[in-house]
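Please read it alongside the sequence and the coordinates.

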Amino acid sequence: MSKKVVCFDVDGVIAKYDGWKGFDIIGEPIIETIAVIKRLKEVGCYITIFTTRLDTPVLRKWLKDNNVMYDSINSDSHNPEHTSCKPIYHCMIDDRAIGYKQQDPDELYNQIVQMIGEVSIQEKE
């Protein structure tokens with residue numbers, strides 16, 4: 001694919017999010033993110049909305065009503081044949097992601113714990 005592919009999550013990235021309330025309930029738009037998506041589209045990027053939400057008429061209406069420009073939703077149709085369902089992308093914007101930059105293992109572990117909270121080893125029953 002010649003265009004740069006950029007994936008955006010919905011909840012917490014394009015829309016405000018304070019916990020799951022159902023497929024048909026989407027938070028208020030985050031105008032700053034929508035402006036970035038518009039800029040990326042203007043320079044020729046392919047925008048994929050990559051979310052755990054289903055591609056429903058409610059989601060499409062919300063995106064349209066809030067002027068969110070996109071090329072696909074939860075799609076890997078731009079992938080070459082014989083690849084998995086994970087979309088190939090140049091960049092992913094998600095509120096629950098950690099960028100891997102070959103950081104020191106302890107630094108990576110600490111970033112993960114900071115995001116998910118302290119973890120403990122569960123005893124086997």
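## Helix α3 and its ends

At the start of α3, a side-chain oxygen of D104 comes to within 2.8 Å of the backbone nitrogen of D106. Helices here are DSSP runs of H or I with at least four residues, strands are DSSP runs of E with at least two, and both are numbered from the N terminus. The model is a predicted one, in which local features need pLDDT of at least 70 and side-chain atom pairs count only at pLDDT 80 or more, whereas totals for chains, interfaces and linings use all residues. Residues are numbered from 1 along each chain as its sequence is written, and side-chain values use heavy atoms, with hydrogens and water left out.

Helix α3 covers residues 105-116, and its 12 residues should span 16 Å at 1.5 Å a residue, which agrees with the 16 Å that separates its end C-alpha atoms; the expected span is taken as 1.5 Å times one less than the number of residues. Just after α3, G117 adopts a positive phi of about 95°.

## The largest nonpolar core

The largest nonpolar core contains 17 residues, and those with the most contacts inside it are F8, I14, I47, I49, W62, L63 and V68. At least two residues of this core come from each of β1 (5-8), α1 (31-42), β2 (46-49) and α2 (57-65), and α2 gives the most, with three residues. Such a core is a set of buried Ala, Val, Leu, Ile, Met, Phe, Trp, Tyr and Cys residues joined through side-chain atoms within 4.5 Å, where buried means under 20% relative accessible area, exposed means over 50%, and partly exposed lies in between (1.4 Å probe, protein chains only).

Leaving aside neighbours within four places in sequence, L63 is in contact with I49, V68, Y70 and I73, contact meaning heavy atoms within 4.5 Å. I31 itself is found in helix α1 and is exposed, with a relative accessible area of 56%.

## Salt bridges and a polar contact

Six salt bridges are present in the structure, each being a side-chain nitrogen of Lys or Arg within 4 Å of a carboxyl oxygen of Asp or Glu. One of them joins the side chains of D18 and K21 at 2.8 Å, N to O; D18 is exposed at 64% relative accessible area, and K21 is partly exposed at 46%. Another joins R60 and D55, also through their side chains, at 2.8 Å, N to O, with R60 partly exposed at 37% relative accessible area and D55 partly exposed at 36%.

In helix α1, K38 and E42 are four residues apart and thus separated by about one helical turn. An α-helix has 3.6 residues a turn, so residues three or four places apart point the same way. K38 forms a salt bridge with E42, in which the closest N and O atoms are 3.3 Å apart; K38 is partly exposed, with a relative accessible area of 44%, while E42 is exposed at 54%.

K41, likewise found in helix α1, has a side chain joined to that of D71 by a polar contact of 2.9 Å. A polar contact is a pair of N or O atoms within 3.5 Å; within protein, one must be able to donate a hydrogen and the other to accept it, and residues adjacent in sequence count only if both atoms are side-chain atoms. Not counting residues up to four places away in sequence, K41 touches I47, M69 and D71.

## Loops on either side of β4

Which residues does S75 touch, when those up to four places away in sequence are not counted? They are T48 and P87. S75 lies in the loop between β3 (72-73) and β4 (91-93), where S75 is buried, with a relative accessible area of 15%.

N74 is placed in the loop between β3 and β4, and N74 is partly exposed at 31% relative accessible area. Although N74 is not a glycine, its phi is positive, at about 45°. Q102, in the loop between β4 and α3, has a phi near 55°, a positive value in a residue other than glycine; at 68% relative accessibility, Q102 counts as exposed.
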